[in-house]
Amino acid sequence: MKKKGIIFLLSALAILAVLIVFTVNNPGSVNPEEYEPAVYSTIFSLLPPVIAIVLALITKEVYSSLFVGIVSGALLYSNGNMELMLNTMLFNEDGGMIYKLADSWNVGILVFLVILGIMVALMNKVGGSAAFGEWAAEHIKSRVGTQIATVLLGVLIFIDDYFNCLTVGSVMRPVTDRQKISRAKLSYLIDATAAPVCIIAPVSSWAAAVTSSVPDDSGINGFAMFLKTIPYNFYALTTLLMMIIMIVMKFEYGPMKKHERNAIENGDLFTTAARPYGNADEEMKTPTGKVIDLIFPVIVLIICCIIGMVYTGGFFDGETFIDAFANADASMGLVFGSLVTLIIAFCFYMVRGVLTFKEFTECIPEGFKAMVAPILILTMAWTLSGMTGLLGAKFYVHDMVAASASGIQMFLPAIIFIVALFLAFSTGTSWGTFAILIPIVCNVFSSKDTYEMLVISISACLAGAVCGDHCSPISDTTIMASAGAHSDHVNHVSTQLPYALTAAAVSAIGYLMAGVIGYLAEGSIALVSLPITLVIMVLVLFIIKMVTSDKSEGTDDKNK
């Protein structure tokens, strides 16, 4: 009751504060074509996501926090006009919840989520997940080996971050549970091998998003540019290095340390009272089934999703494989791939005699129910992002960067990294951040003499966007990672944040070095900043381990 009271109080205060400030600007009757909110393209346009994120971190409750952020955004847009506020929240064509749910790309992602939920329910029903867990327990004997296997699987599934999060979670969750790895840590491993891997994979939906963000009139080959940015993507590379080092060195810090210690000592994988997927976890303990009941559908899913992606990109109409991926519709491709996989899996289980038609139909609502939480969070996150767009946040960021770019080119990569991080954190979208910042960078470094700085700066934009996406509670990838691990979403965000910020700080130093070297020297000499950045990451982790270690940790290490 006390927690609910705090949530209600904070929510009421946030709404009241916005009402008091902006009700005086009641616009009366509104012409949509001419209307512009008082805070349009100002720093206040970033207020709604900031309110939602701060409330989520303070109250540990994501639904009401997102809702308050949406209400605040609608109030800011309507200048306090209550009628316009309600219409904006629900029916605005550019940001309202109804129109976000009517968007074909968004609906495709929701359908993909539901089909994946049904697939997981099927694998649990026939005992495939439990069988794989038992097999892995025999072959992977340690917590270190289990975490390394999770990372490797995440790296291998580089096609799409949504697909990565849900597939890795479904496959590895039974294994990590047996090794007493907390759900918060599993969520981090999934999230850190989703977007950070996709952003350095040439064949992925993220490569397509970056390629399409390069302006057509810039004279730059978008895909060739993407390939050149890979060795400069310091955040993705330091995140992967950080994961491996921390797994091998067997240490945690921040809130994650409490979750992992509680899992090892008490067998409690959640630490907090929240058990968002309790029933599904119980079903996973079914002792029947074989490993093939999980492995076969997962392999088919990977193959079918790849085919679905290149199909939407025109591969079967004569496009090359790379061009087909660059032009792919990730949402449509994933729906095609997952739906075909569901049909094949049903036939496979029926032929094996491990599933009846009635049991199959029972799994359909079960899979849908398992995905209600991420669907609700995604819907609210999309709406909140729409509110931010209506307030002109992207134009505020565009003007801020463009105004200062010409005089500080040497430091621009580090600045772009920080701006992209904050923008992606506030809006919850990496791809939207690409679309806003990459054209600005292309305009700033438009001459041939500044090509190396162009590569470094676009890399900084991509890295900052992924970092902000990684940190943000309203990011769809963060939400998917929580769903894949069956972890409480706020637990995932709070435990992951210190790790992401550590990698972000080291990456910012790397971009500062790369910018100075790239500005003063010619050629790819700036690439020397990559090994220096990685060395700094290692040293920082050693220092953190020394500072955060305690006497009881030596005993814990023996159990790991």
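Begin by selecting Thr271, which counts as partly exposed because its relative accessibility is 22%, where buried means under 20% relative accessible area, exposed over 50%, and partly exposed in between, judged with a 1.4 Å probe and protein chains only. The model on your screen is predicted, so local features need pLDDT of at least 70 and side-chain atom pairs count only at pLDDT 80 or more, while totals for chains, interfaces and linings use all residues. Residues are numbered from 1 along each chain as its sequence is written, and side-chain values use heavy atoms, with hydrogens and water left out.

Stay with Thr271, which sits in the loop between α15 (255-266) and α16 (278-283); helices here are DSSP runs of H or I with at least four residues, numbered from the N terminus. Although Thr271 is not a glycine, its phi is positive, at about 70 degrees. Most residues other than glycine have a negative phi.

Next select His486, another residue that is not a glycine but has a positive phi, here about 55 degrees. His486 belongs to the loop between α26 and α27 (489-520), and it is buried, with a relative accessible area of 5%.

From there, show helix α26 (residues 476-485) together with helix α10 (residues 183-192), which pack at an angle of about 130 degrees with their axes 8 Å apart. The axes are lines fitted to C-alpha atoms over the stretch in contact, and angles run from 0 to 180 degrees between N-to-C directions. The two helices, α10 and α26, are therefore oblique to each other, given that angles under 35 degrees count as roughly parallel, over 145 as roughly antiparallel, 65 to 115 as roughly perpendicular and the rest as oblique.

Now move to the salt bridges, of which the structure holds 6; each is a side-chain nitrogen of Lys or Arg within 4 Å of a carboxyl oxygen of Asp or Glu. Select Glu260 and Arg143, whose closest N and O atoms are 2.8 Å apart in one of these salt bridges. Glu260 lies in helix α15 and Arg143 in helix α8 (residues 143-156), so the pair ties together parts that are 117 residues apart in sequence. Both Glu260 and Arg143 are buried.

Another salt bridge to select joins the side chains of Arg352 and Asp293, at 2.4 Å from N to O. This pair also links distant parts of the chain, with Arg352 in helix α19 and Asp293 in helix α17, 59 residues apart. Arg352 is partly exposed, with a relative accessible area of 29%, whereas Asp293 is buried, at 0%.

Because Glu366 and Lys369 are 3 residues apart in helix α20 (residues 357-370), about one helical turn separates them. Glu366 is partly exposed, with a relative accessible area of 32%, while Lys369 counts as exposed at 52%.

Tyr311 is one of the residues making a nonpolar surface patch of about 910 Å², others including Ile299, Phe315 and Met332. The elements giving two or more residues to this nonpolar patch are α17 (292-312), α18 (321-326) and α19 (330-352), and the largest share, 4 residues, comes from α17. Such a patch is made of residues with over 30% relative accessible area and no salt bridge, with nonpolar side chains (Val, Leu, Ile, Met, Phe, Trp, Tyr) joined within 5 Å and like charges within 9 Å.

Methods:
Accessible areas come from the Shrake-Rupley method with a 1.4 Å probe; for residues, only the protein chains shown count as cover.
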